[in-house]
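Reader: Hi, I have not looked at this one before. Could you show it to me and then take my questions one at a time?

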Amino acid sequence: MKKRANKLLALVLAAAMMIPSNVFAAAEAPAVGGELPASVESTAGESTNADNTEIKIPEVENTLDSSVTTSNETAPVSIDDQVVETQDEQMPEALALNVSPKNSSAVNDAVELRGVADHVSDKEGVVYRYIYFDGITWRDIKTSDVLETVNWTPAQAGSYILCFQIVYEGKNYNSMTAYTVQNRSLKITGLDNKLSTDGKNVTITPKLETNVNASGLKYSYQIYDLESLVWTNLEMDTTASSCVWTPKKSGGYWIHVTVKDDFGLNQTYTMCYGVSEPSISGFDTDVKSPHVVDQPIVLTGSVKNPSEQELTYEYLVYYNGYWKSLSKKTTLDSYSWKPDKKGSYLLCFQIYRGDKVVEQKFIYYTIAAPVITGDKVIYDDSEESSIKLDTDITSNDVNGEYRWLVYHLDNKVWELVQDWSKTKTASWDPPKAGGYWLHVEYRTKDGQTKQATVGYSVKDIEVTSFTVDKPSPVGVTTTITLSGKVRNPLKEKLTYRYIYYDGITWHEISSSDKLEPCEWTPEIGNYLLCLQVIDSNKKAYNSFLSYVVEPLRTEITGMTLYTPDDKTYFARVDTDSNDPKLTYEYQRYDVEKGIWYSLPMGDNHTTYWIANKSGGQWFHAIVTDSEGKTYTKTLGVNVQSYKIKDFTTEDRILKPGVQTTLKMEGTKNFDEKVTYCLSQWQNDGSWKRLMTSDTKKSYSWTPTIKGYYAFVYQVYNEDGYLVDQKVLNISPNNFEKNGWYYEDGYKFYYINGVKQTNLDGILPKQSDYIAKVNRITCTVTVYASDGANGFIIPVKVFACSVGLRATPTPTGTFHTIEKYRWAYLMGPSWGQYGTRIVGGIYFHSVAGSAPNSYAISAGNYNMLGQPASHGCIRLCVRDAKWLYDNCKKGMEVTIYDSSYPGPLGKGSHILIPAGQNWDPTDPAIAR
């Protein structure tokens, strides 16, 4: 079909070079097919379309093959007996034909044609034509002096050439495309039936395979009741592509859907559907068994009723050999049941349809005497308020009551804090300091009691904290803030004083009946500070602090420069000072220009500057103390307009006599001309310049021998100033490796510079191996011994599946116990080439449902490389067999966790398609 379409397109293109009003743009036709109707007749030189519009077409000779494409350079064509040459410069800037749907459509479906001609669309005298070629002759769709979108409705299937033609100033321009029209097809492949979340409605949606415009289809939805043998029309001849059905009763049904169009297509599809009976979805109590006599229990049942049948709902209780109905109604409600006797009960919830019981659910329930638990008194005196009392004594009797008392040990008197109440907590204000018992009593409705007591000591007034906001020593002129906390269990009215002793006498800073922070600005000297609290009896409670005030002292200890992007520079000067009133100033000195500049002040005594060129800069800090004395610090920086990030060889492994590329990568920080230079170190101790360029940042180089080489990559600015440089050293280690190499504590084997991750055929079979299993990366790495160096040769790496979080593979070091050709596993299931590690933990192949090679699940197999097992270590058959064949009983196996998979990385694994029941690595599979 594709060859036929290309031949057809070639013939049409040939004709296009000869017919009037045709100069076709270059195009390659996609494969098109379909035979032309036998009823279509054509004669050379003329044809008639559906509107009887005559189109003049000269005879066409088959002079082009399928490789021919058109261009703007065409032979002269005859238009109204005049010979006209087409000119490239007069072609429209954008000549195109857009077709929707693209490429193909169905018979009798409208195809939208939209021409684009930007260069001539605003000119007078332009004619726009839409025409098509059906394999025999050209036919007109529409000709107009207005550029507009048209619809073409093909009546026959086949292969067509669609053309958009512009006629302007005696010249013709064309854009065309191949197009396929297919016979109309429609097939229903199935029905989607989606049940609503409440179980009442079913949404029916047919699945279609069609090439026709779906908007023209009509749908009919019908239901057939298999019990009453009656058809019900849901929706008929509708354009809706889905329908909602609400079944009225349970039972079996047919869902029947018909889909048709206006041109004779008609498809039906029928499927069976069952609507389930009403059922009890839940039955529960608000209080779990056991519960207490004479206290209500709420019974609640829930029901699924998809077809909304009329039901009756009943709650019953069985006790002492008899059933008793508690509630029987046609509405579904909860029921509050209050048992009045201790014993064992059977609760029932059942639903009826008419007089027939549809379903029942039962709950065994015990009614018992109240049970009291707990034996502690709990108190909280952390806040300066009433002491909060609580207890862990509780009961399943919701009517239980508490009483709180306090016993005064000094006068041996009980104080009632809170009388009998269902409230478990209480508050108590102690009248004075001293010893007390805090006591709680509890009783149930049937008279059971429980009590608890704890001793408590009420402390006297105490200063619990006295602090200053600035640690001693400080410099003179510093203002410090004094603050404190006081425990006042008895809520007495107190006076709070901040005072200090200067070595001669006491001085008051502040005095108040409220404890609030206080500010103090001392002179030079040694002081004793005091927070003094005085109660109503004039008794004083004190807390002291030593404090030193020194002469002012300032020292610049350093200066830091930081740039996150080599453009913006941040500067900070660090000081060691006891002067709280230091001021900071920053300046910048441009070394090249010899000019000082002021810099802005930022937060936390910092400054910043944004560079716009390379070169030397000084950052200068000036610190002034409260007495006017200044301290300075200067730090220089080399601003780089270009930052070299990497200088390396393109090839990781080098070979003598084989060319490689020296690659230099970096970042240009701002727009400044730079020069890139590359030099190589010579044996005479000098550097040889290899490259100087304004743009080039790579260099082709061929090493002559396996040896040592050195290169330096330098970047200069337009003033010849060295902006940055980086050295690349190459040693024999950079050349390709062959044989054994010790690296990072392991021994690896290389072939032509490639590390081998499978040493079969390289390392002979060893008498002993060890295996390490990484649970995090699901990787098994096997190691061989390197003599006295231990097991440092990585031999192989396998992808595995370890245990899931709920059934983890144990960690630790173990030694294998037994081997099994087929390991019998839980399920039951069977794994090939089982090697038992510890307990029921094995190495084995992905398990199957039978002891043969054609019983595995693709889903389980494709989980290799991630946790999936019940604790065993699953492998593909190839890897399990290697361990079975090569590793002796007693092999050491270490199971551990690490984000680093191991020296050979993670093992690879194969994915198999759904439905495949065999392991592609199994040698028993017939190929």
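Reader: What is the strand order in the open sheet of 3 strands?
Author: In this model, which is predicted, the open sheet has the order 37-39-42, and the pairing in it is antiparallel. The edges are formed by strand 37, which covers 462-468, and strand 42, which covers 518-520, since each of these two pairs on one side only.

Reader: How many bridges join strand 37 to strand 39?
Author: There are 6 bridges between strand 37 and strand 39, the latter made of residues 480-487, and the two run antiparallel.

Reader: Changing topic, how many cavities of 30 Å³ or more does a search of the whole structure find?
Author: The search finds 2 cavities of that size, and the largest cavity has a volume of about 90 Å³. It is lined by 17 residues, and the closest to its centre are Q832, S845, V846, I856 and V877.

Reader: Which strand gives the most to that lining, and how many of the lining residues are nonpolar, polar or charged?
Author: Strand 67, residues 829-838, gives the most to the lining of the largest cavity, with 3 residues. Sorted by class, the lining has 9 nonpolar residues, together with 6 polar and 2 charged ones.

Reader: What is the peptide bond from G827 to P828 like, cis or trans?
Author: The bond from G827 to P828 is cis, with omega near -5°, and P828 has its place in the loop between strand 66, residues 818-825, and strand 67. The peptide bond from S289 to P290 is cis as well, with omega near 0°, and P290 is placed in the loop between strand 20 (279-285) and strand 21 (291-292).

Reader: Now phi, please: what is its value for L229, and is that residue buried or exposed?
Author: Phi of L229 is near 60°, which is a positive value in a residue other than glycine. L229 lies in the loop between strand 15 (218-225) and strand 16 (230-238), and it counts as exposed because its relative accessible area is 55%, where the cut-off is over 50%.

Reader: And where does D744 lie?
Author: D744 lies in the loop between strand 59 (739-743) and strand 60 (746-751). Phi of D744 is near 55°, again a positive value in a residue other than glycine, and D744 is exposed, with a relative accessible area of 77%.

Reader: What about D919, buried or exposed?
Author: D919 is buried, because its relative accessible area is 3%, and buried means under 20%. The place of D919 is in the segment after strand 70, residues 892-896, and the side chain of D919 reaches the backbone nitrogen of T921 at 2.8 Å.

Reader: Last one: how far apart are A799 and L864 in sequence and in space?
Author: A799 and L864 are 65 residues apart in sequence, while their C-alpha atoms are 6.3 Å apart in space. A799 itself is found in strand 64, residues 793-799, and it counts as buried at 4% relative accessibility.

Notes: Residues are numbered from 1 along each chain as its sequence is written. This is a predicted model: local features need pLDDT of at least 70, side-chain atom pairs count only at pLDDT 80 or more; totals for chains, interfaces and linings use all residues. Side-chain values use heavy atoms; hydrogens and water are left out. On a 1 Å grid over the protein atoms alone, a cavity is a set of points where a 1.4 Å probe fits but cannot get out, and a pocket is an open set with protein on both sides within 12 Å along at least five of seven lines; lining residues have an atom within 4 Å of a point. Grid points are joined across faces, edges and corners, and a volume is the space filled by probe spheres set on the points. Helices (H or I, at least four residues) and strands (E, at least two) are DSSP runs, numbered from the N terminus. Ala, Val, Leu, Ile, Met, Phe, Trp, Tyr, Cys and Pro count as nonpolar, Asp, Glu, Lys and Arg as charged, and the others, Gly among them, as polar. Two strands pair if DSSP finds at least two bridges between them. Buried means under 20% relative accessible area, exposed over 50%, partly exposed in between (1.4 Å probe, protein chains only). A polar contact is a pair of N or O atoms within 3.5 Å; within protein, one must be able to donate a hydrogen and the other to accept it, and residues adjacent in sequence count only if both atoms are side-chain atoms.
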